[in-house]
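Here is a set of exercises to work through with the model open beside you. Try each task before reading its solution.

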Amino acid sequence: MNKVVAAHHEVDPGSPRSYTAGFVLSIVLTVAAYLIADQQRASGWTLIYIVVGLAVVQLFVQLVFFLHLGRGSRSRWNLTAAAFAAMVVLILVMGSLWIMKHLNYSHDSLSPQQLNQNIVKDEGIKPSNY
Amino acid sequence: MSQAATITRANERQEAESKTLFGFWVYLMTDCVLFASLFATFAVLRGNTFGGPTGDQLFSLPFVLIETLVLLTSSYTAGLGLLAARRRAKTQVLVFFGLTMLLGIFFLTMELTEFHKLYVEGDSWRRSGFLSAFFTLVGTHGLHITSGLIWMAVMLYKVAKGGLNHVNVKRLTMLSMFWHFLDIIWIFIFTIVYLVGVAG
């Protein structure tokens, strides 16, 4: 009887096959992103979109195959927490970049070096500090 | 004890266990927010090298690829270890989590080697905003890995000594969730810090 009870209540444990599939897919995605960046198959924003896109795909692969998100009876609240976290993460990252790219200093789309110089000059940072 | 009482007790235990696991999941989600703020900081400060070296002058992609694959493999072995724990296969649990721990130590050693090299060559966190953000982001991940490794050592001891009782299986479940989570964070460090850093 105990065995039956245990088997009945066991949360979805995944299977070796699901872990192996997740593992192989993750390796393929990692190596693909690596090759594209290392051999300069793309550059600038195209490259950033491609490798970040591959990372997001891998995020979902691991969430499903390793963390079994979305399966089992208690998964609804896990999904809710994850969706809320994703929202906060996006607002935090996108918001920070958006604000920082639109500061006064950046208005003339300066190079990072020129930007540094302007900030050093405007904020009165003494050369001895660097 | 009657059958009904056994079932009720099993249900209660199951209920408590799933609450614990959900609580741990919520912790992981808040940890996500911590890392998001560090990622945002890094993304903002990425170009602020203050005349110092940029990412593509500092990082070696093949080195980081190996680091990534090592951590990914450890995430896989942690998953297999958890399956073994559910089957109550003690030896396999010890082997898989032992393997996970070795791979984790190897990963951490590689990370510290990189940190040491940067520090010795004068490219520490004091060099530029970019490097401060780099060390904070990657170092925070490294600290998480370190605490995961300590947790794993404790669990290996507990399983070896106390066997696979319900409490230990529950803890192993949380430990492998934590480890998978750290692997996911690392994918984004690998992508945003290293891949984009070298080519962007």
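**Exercise 1. Work out how helix 1 and helix 5 of chain B cross, including the hand of the crossing.**

Step 1. Find the two elements in this predicted model: helix 1 of chain B covers residues 3-45 and helix 5 of chain B covers residues 129-162. Helices (H or I, at least four residues) and strands (E, at least two) are DSSP runs, numbered from the N terminus.

Step 2. Take the axes, which come within 9 Å and cross at roughly 155 degrees. Axes here are lines fitted to C-alpha atoms, for helices over the stretch in contact, with angles from 0 to 180 degrees between N-to-C directions.

Step 3. Name the arrangement: helix 1 of chain B and helix 5 of chain B are therefore roughly antiparallel. Angles under 35 degrees count as roughly parallel, over 145 as roughly antiparallel, 65 to 115 as roughly perpendicular and the rest as oblique.

Step 4. Assign the hand, which is left-handed for helix 1 and helix 5 of chain B. A crossing is left-handed if the near helix is turned anticlockwise from the far one by less than a right angle, and right-handed if clockwise.

Step 5. List some of the residues that meet: helix 1 of chain B contributes B:Phe39 and B:Phe42, among others, while those from helix 5 of chain B include B:Phe130 and B:Phe134. Two residues are in contact if their C-beta atoms, placed from the backbone, lie within 7 Å. The residues of this contact divide into eight nonpolar, four polar and no charged. In this scheme Ala, Val, Leu, Ile, Met, Phe, Trp, Tyr, Cys and Pro count as nonpolar, Asp, Glu, Lys and Arg as charged, and the others, Gly among them, as polar.

A note on reading the model: residues are numbered from 1 along each chain as its sequence is written, and chains are lettered from A and ligands numbered from 1 in the order in which they are written. Because the model is predicted, local features need pLDDT of at least 70 and side-chain atom pairs count only at pLDDT 80 or more, while totals for chains, interfaces and linings use all residues.

**Exercise 2. Describe how helix 2 and helix 3 of chain A pack.**

Step 1. Their axes come within 9 Å and cross at roughly 170 degrees.

Step 2. Helix 2 and helix 3 of chain A are therefore roughly antiparallel to each other.

Step 3. On the helix 2 side of chain A you will find A:Leu25 and A:Leu29, among others, and on the helix 3 side A:Leu47 and A:Phe65 are among them. By class, this contact has 16 nonpolar, six polar and no charged residues.

**Exercise 3. Compare the make-up of the chains and how much of each is buried.**

Step 1. Count elements: chain A has five helices and zero strands, and chain B has six helices and zero strands.

Step 2. Look at burial: 18% of the 130 residues of chain A count as buried, and 40% of the 200 residues in chain B do. A residue is buried if 20 or more other C-beta atoms lie within 10 Å of its own, exposed if 12 or fewer, and partly exposed in between; C-beta atoms are placed from the backbone.

Step 3. Turn to contacts between residues at least 6 apart in sequence. In chain A, 49% of them join residues at least 24 apart; in chain B, the share is 83%.

**Exercise 4. Which residues with positive phi sit in loops, and are they buried or partly exposed?**

Step 1. A:His68 has a phi near 55 degrees and lies in the loop between helix 3 and helix 4 of chain A. With 21 C-beta neighbours inside 10 Å, A:His68 counts as buried.

Step 2. B:Phe50 has a positive phi of about 55 degrees and belongs to the loop between helix 1 and helix 2 of chain B. B:Phe50 is partly exposed because it has 17 C-beta neighbours inside 10 Å.

Step 3. For context, most residues other than glycine have a negative phi.

**Exercise 5. How many residues does each chain give to the contact between them?**

Step 1. Chain A gives 47 residues and chain B gives 46 residues.

Step 2. Helix 4 of chain A supplies the largest share of chain A's side, twelve residues.

Step 3. Sorted by class, the side of chain A that touches chain B has 31 nonpolar, 14 polar and two charged residues.

Step 4. Finish with confidence: the predictor gives the complex an ipTM of 0.92 and a pTM of 0.88.
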